[in-house]
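Dear colleague,

Please find the structure below, handed over for your use. My notes on what was found in it follow directly after.

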Amino acid sequence: GNSPQGLAVSPDGRRVHVTNLRVVNGLLEGYLVVVDVASRTQVTTIDFGARKPYGVVSSPDGTRLYVVTSTDAGNLRGVTVLDTASYAVIAEVPLSTTAFGTTITLSPDGRFAYLARQPNSSQTPGIVDVLDTTSNMIVATTTVPNNPRSVAVSPSGATVYVAIASNSGSLQRLDPITHAS
């Protein structure tokens, strides 16, 4: 694509999903490209229009894609949930506050998705939103130190880690049960 932003490989390794941005009639628009790995061909393209897609992650069973979308200002609008059989939109999950961020990761069992975000003011704490993938609803928003960049979950699912960008850098831990830091 013109400007790749995020990448997710299906659990079976057969497809790669790439979020992209392009300029159309002077406006920045987004789309998702689905590539067949074996043939190295494009299977389909999903247009996101003004909802610019950034981070993308595949569910452990490969049936869903979770795509972080943003506005022109870079503020996260929400998470688009796609069915990978048809690439139809299953849900649009809005986010409660305006904040910057582009990453999304899933717990090993696929039950929760975690999004690290920074509100517009650099003086305010960062946040991690927790999306319940069963209900497609945000079930927790946890405050973390300013400038969270990414989230990772331990292979056992016992700990959620948040990378914090700062002069010295830091790592914040979240409890995967309570979602508290």
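Tyrosine 87 is found in the loop between β7 (76–83) and β8 (89–94), where strands are DSSP runs of E with at least two residues, numbered from the N terminus. Its phi is near 60°, a positive value in a residue other than glycine. Tyrosine 87 is buried, with a relative accessible area of 10%; buried means under 20%, exposed over 50% and partly exposed in between, with a 1.4 Å probe and protein chains only.

This is a predicted model, in which local features need pLDDT of at least 70 and side-chain atom pairs count only at pLDDT 80 or more, while totals for chains, interfaces and linings use all residues. Residues are numbered from 1 along each chain as its sequence is written, and side-chain values use heavy atoms, with hydrogens and water left out.

A positive phi also occurs at asparagine 25, where the value is near 50°. Most residues other than glycine have a negative phi. Asparagine 25 belongs to the loop that joins β2 (15–24) and β3 (27–36). Is this residue, asparagine 25, buried or exposed? Asparagine 25 is exposed, at a relative accessible area of 78%.

The strands on either side of that loop, β2 and β3, belong to an open sheet of four strands in the order β1-β2-β3-β4, with antiparallel pairing; two strands pair if DSSP finds at least two bridges between them. Because β1 (3–9) and β4 (41–49) stand at the edges with a single partner strand each, one side of each is left without a neighbour in the sheet. From one strand to the next, the twist averages 20°, with axes as lines fitted to C-alpha atoms and angles running from 0 to 180 degrees between N-to-C directions.

Within this sheet, β3 and β4 pair in the antiparallel sense over seven bridges. Tyrosine 31 stands opposite aspartate 47 in β4. Arginine 22 lies over the face of tyrosine 31, at 4.0 Å from the ring centre; the criterion is NZ of Lys or CZ of Arg within 6 Å of the ring centre and within 35 degrees of the ring normal.

Finally, histidine 179 is found in the segment after β16 (170–174). Histidine 179 is buried, with a relative accessible area of 7%. Not counting residues up to four places away in sequence, histidine 179 touches Phe112, Tyr114, Val130, Ala140, Thr142 and Leu174, contact meaning heavy atoms within 4.5 Å.
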